[in-house]
Amino acid sequence: MAATSKRKLEELSVDEFLVSGFDSEDECENEEEEETTVSGNREVKRKTKLTAKTQAKNLKKVGKASEHKDQLSRLKQKDPEFYKFLEHNDRSLLNFDDSDSSDDEDSKIHTLPKHLEEASDEDDDDDDEEEEAAPKSKQSRDVIRVTEKMVEQWKEAVQNELSAKLFREIVQAFKAAVATTKGDGVDLGKYKVEDSSVFNALVSFCMRDLFVALQKMLQLKPDKDKKKLVLPSSSPRWQKAQINIKMYLAGLVQLLSCLTEASVVSAVLRHANQMVPYYLCLPKQCRHFLKQLITQWSTGKETVRVLAFLALNKICRHKQDVYLNPVLKQMYIAYVKNCKFTSPSVLPMINFMQRTLTEMYALDTHVSYQHSFIYIRQLAIHLRNAMTMKKKETYQSVYNWQYIHCLYLWCRVLSTLYPSDVLDPLIYPLTQVIVGCVKLVPTARYYPLRMHCVRALTLLSDSTKTFIPVVPFLLEVLQQVDFNKKPGRMSVRPINFAVVLKLSNANLQEKAFRDGLIEQLYDLILEYFHTQACSIGFPELALPAVIQLKAFLKECKVANYCKQIRQLLDKIQENSAHITSRRQKATFSVADRVAVEAWEKLTTEEGTPLTKYYSHWKKLREKEIQLEISGKERMEDLELPEIKRKKMQESKEGDKKEFKDLFESDSASEDESGGVKHKGKEKTGKKKGVSEDDDFLKDLSDMSDEDGEGESDEDDDSGEDSDDVGKRKKSKNSKNKAAKKLSQLDLKELAEGDEDLVEDLEFSDED
């Protein structure tokens, strides 16, 4: 380029040199080389990846035609008959040309251009615009907006016949409706649901009509045995509809996780319960469904919990080997998580979880033994750590609601599934754990926890026909607490021992603590002896309790406590006398176990005085418990009078109005002499009366039993005050008349007499 455009410097004249400039040939060549190298480096960096890929593809495709020809030649030797068949039917396949195939392959392979162009910034901007336009074009595709009219059309079409295409459209619309619960930024697919009325119409349509239509589409007929489920996978149309059914079932689970209204969740769960056979055919969707069911079973409202449990039970009954073990584990964990706090409103839900979980364990006792053994052992380990380490943290790991509710759950499981050769060996270790829990911290603050443990042991002893010494834990309380001691403070609200584990030091000083403790002891002793009331050894079993109850009655001086304990003692002694009289008529020996069991069975059928009393008492007690659970406190039944306190200013103004005539003066002489003295004394007397009235009201607020008497005393005082006012008025008028005629000495004597009258007035106020 330099040779053609420019001559050498030697051939140039001075004028030509000045015109052409001062750049030399070498400098021009260096600049051109730098420009070309920079552009070349850019091009090489951008195209190296592409060339490497294309070369690799070319290497793979080279020789494919020759390899295919070799295969045909080998085919002629191995299978001549098939080769002849190809010659006769498809001659073109055998007449394979290497050049043709290579040309076709070369045409398919991308070849690099001879001259590479430099990529500029404008090209990069164009590429970015194309990339941004691609997703926009996807988003701008046609999205059908679902309307109520469309839903009505689908309803009519489904009533006639549900086709696979129509079912797919409905499922896609349902998926779009469910996707709206997630929020924005979700790909809705073909359909879009924007209006809430359309959402409600579509979901209600699917809940009511889709299951029956789907059964008809798959041609599923119910089995003669109603207990057996007809799985939809047995239908010949299952394969075609499987993808859409998967999508629909996943949408149901997502809908359950997003809903909060109990009535709507109940409706969806009823429909999901119908769809259980479909879930059983799809393991992945079934696992997600079970997880959501366990959540609803442990946290939902009452109706929601029941429906979730029915679906769980249905799935586990039909596929025990697959789902029972993981479901039991997850249900137990959910139970422990949701019984951390206990209140009168939460307690029925905890009892419901205990009963339903017991039913799940009853499905397979061998699986239940593995779970119960592991979890009872875990409870025992916590107790052992608390007994050995003796720290606050280890005590708290045992003395909490979760631990107590777990103990009660396993007592209920072993009691319900008795007799069971598999689970019966766990009765003894569970009893030892509960007894150790009672003895861990045997102080008065944890008496409510002791009552819960005793109640669990009583249930276990009664149901499993196992003797467990429960009464000593109750009689020990009568010996430890001094019921004759005056309470340190009055309490209006009673203590609900059903929802309390530990009492504060202030609670121990209240009268309500002792009242509630006596009531709990009465209930639990009566309940335990009721379980043993028909035993042939009841007199010997009750003898220690009778002795200690009599000793308590001798020491206790509180009439209300003695009345309850004496009534309990009478019922126990009456039952002992009844059993003793029946035993005397028996002709068999004590060693004859069969005869003893028959005798006890006959006694149970006939009934004893204690069992009859207990049945009547139980009905009354259940009513009280229901009132406590529903939130109605016993204080609502007590009509306590309200004490309205008067303010100091109001009382002063009232007294001024009442004694207005007493302080009126007719002349100035009275103000100078006796009037001032009388007025000052009256004021001091009035202040004393006000302070005494306030003290009286304070005493009255502490004594709720004497309110009526206090009111009558106030009325009497007001009557006396009115009489005194009348006397004062008469004496006032007589003094005014006499003051005009008497001298100074007479006035002094009169003043002294008036002082006596003031003293009488003060004395009457104190009365």
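User: Which residues line the largest cavity?

Analyst: In this predicted model, the largest cavity is lined by Tyr399, Cys437, Val438, Val441, Pro442, Thr443, Tyr446, Tyr447, Leu449 and Arg450. Two or more residues of that lining come from each of helix 22 (427-440) and helix 23 (447-464). Helix 23 gives the most, with 3 residues.

User: What makes a space in the protein count as a cavity?

Analyst: A cavity is a set of points where a 1.4 Å probe fits but cannot get out. A search of the whole structure finds 1 cavity of 30 Å³ or more. The volume of the largest cavity is about 40 Å³.

User: How are the lining residues of the largest cavity divided by class?

Analyst: The lining has 8 nonpolar, 1 polar and 1 charged residues. Arg counts as charged, and Arg450 is among the lining residues.

User: Why is Ser235 called buried?

Analyst: Ser235 has a relative accessibility of 6%, and the cut-off for buried is under 20%. Ser235 therefore counts as buried. Ser235 belongs to the loop between helix 11 (196-217) and helix 12 (238-258).

User: What does Ser235 touch, leaving aside its neighbours within four places in sequence?

Analyst: With those neighbours left aside, Ser235 is in contact with Leu218 and Leu220. A polar atom of the Ser235 side chain lies 2.6 Å from the backbone oxygen of Leu218. A polar contact is a pair of N or O atoms within 3.5 Å, and the distance here is 2.6 Å.

User: Why is Val322 called partly exposed?

Analyst: Val322 has 45% relative accessibility, and so counts as partly exposed. Val322 is placed in helix 17. Its C-alpha atom is separated by 9.5 Å from that of Pro283, a residue 39 positions away along the chain.

User: How do you know that the length of helix 17 agrees with its number of residues?

Analyst: At 1.5 Å a residue, the 18 residues of helix 17 should span 26 Å, and the end C-alpha atoms are 25 Å apart, so the two agree.

User: Which residues of helix 17 are buried, and what covers them?

Analyst: The buried residues of helix 17 are Tyr323, Leu324, Val327, Leu328, Met331, Tyr332, Ala334 and Tyr335. Their cover includes helix 14 (276-281), helix 15 (283-299), helix 16 (302-318), helix 18, helix 19 and helix 21.

User: What span is expected for helix 19, and what span does it reach?

Analyst: Helix 19 (residues 365-389) has 25 residues, for which 36 Å is expected at 1.5 Å a residue. From first C-alpha to last, helix 19 reaches 35 Å, which is close to that value. Its buried residues include Val367, His371, Tyr375, Leu379 and Ala386. Among the elements covering the buried residues of helix 19 are helix 17 (320-337), helix 18 (347-361) and helix 22.

User: What is found at the N-terminal end of helix 19 and just after the helix?

Analyst: Asp364 caps the N-terminal end, with a side-chain oxygen 3.2 Å from the backbone nitrogen of His366. Just after helix 19, Lys390 has a positive phi of about 55°.

User: How many helices and strands does the protein have, and what share of its residues is buried?

Analyst: The protein has 35 helices and 2 strands. Of its 767 residues, 35% are buried. Among contacts with a separation of 6 or more, 71% join residues 24 or more positions apart.

Key: Residues are numbered from 1 along each chain as its sequence is written. This is a predicted model: local features need pLDDT of at least 70, side-chain atom pairs count only at pLDDT 80 or more; totals for chains, interfaces and linings use all residues. Side-chain values use heavy atoms; hydrogens and water are left out. On a 1 Å grid over the protein atoms alone, a cavity is a set of points where a 1.4 Å probe fits but cannot get out, and a pocket is an open set with protein on both sides within 12 Å along at least five of seven lines; lining residues have an atom within 4 Å of a point. Grid points are joined across faces, edges and corners, and a volume is the space filled by probe spheres set on the points. Helices (H or I, at least four residues) and strands (E, at least two) are DSSP runs, numbered from the N terminus. The expected span of a helix is 1.5 Å times one less than its number of residues. Buried means under 20% relative accessible area, exposed over 50%, partly exposed in between (1.4 Å probe, protein chains only). Contact means heavy atoms within 4.5 Å. A polar contact is a pair of N or O atoms within 3.5 Å; within protein, one must be able to donate a hydrogen and the other to accept it, and residues adjacent in sequence count only if both atoms are side-chain atoms.
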